[in-house]
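Work through the exercises below with the sequence and the model side by side, and try each task before reading its solution.

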Amino acid sequence: MDLWSMAFDDMNALDGQADEMTVDQRLKLAEVKALLSISQELSRIHHQGINPEYDSSAG
């Protein structure tokens, strides 16, 4: 399992405890999830390019 998957699983586990978290903890959880989402998209761009489904001949 890669680090991204492990971190995402940990963040989802914390979502179940959101009622017990302070506002600052909830904000930090949202921040970490946003960073994970950005890192996943950057990885996808690195491996597939910016727009791998773009067909320049279709325009």
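**Exercise 1.** Is Met-21 buried or exposed?

*Solution.* This is a predicted model, in which local features need pLDDT of at least 70, side-chain atom pairs count only at pLDDT 80 or more, and totals for chains, interfaces and linings use all residues. Residues are numbered from 1 along each chain as its sequence is written, and side-chain values use heavy atoms, with hydrogens and water left out. Met-21 has a relative accessible area of 16% and is therefore buried (buried means under 20% relative accessible area, exposed over 50%, partly exposed in between, with a 1.4 Å probe and protein chains only).

**Exercise 2.** Locate Met-21 and list its contacts.

*Solution.* Begin with the helices, which are DSSP runs of H or I with at least four residues, numbered from the N terminus: Met-21 sits in the loop between α1 (3-15) and α2 (23-48). Then, leaving aside residues up to four places away in sequence, Met-21 touches Leu-14, Arg-26 and Leu-29, where contact means heavy atoms within 4.5 Å.

**Exercise 3.** Describe the span of α2 and what follows that helix.

*Solution.* The 26 residues of α2 reach 37 Å from the first C-alpha to the last, close to the 38 Å expected at 1.5 Å a residue (1.5 Å times one less than the number of residues). Just after α2, Gly-49 takes a positive phi of about 95°.

**Exercise 4.** Is Leu-42 buried or exposed?

*Solution.* Leu-42 belongs to helix α2, and because its relative accessibility is 53%, Leu-42 counts as exposed.

Methods. Helix = DSSP H or I, 4+ residues; strand = E, 2+ residues; numbered from the N terminus.
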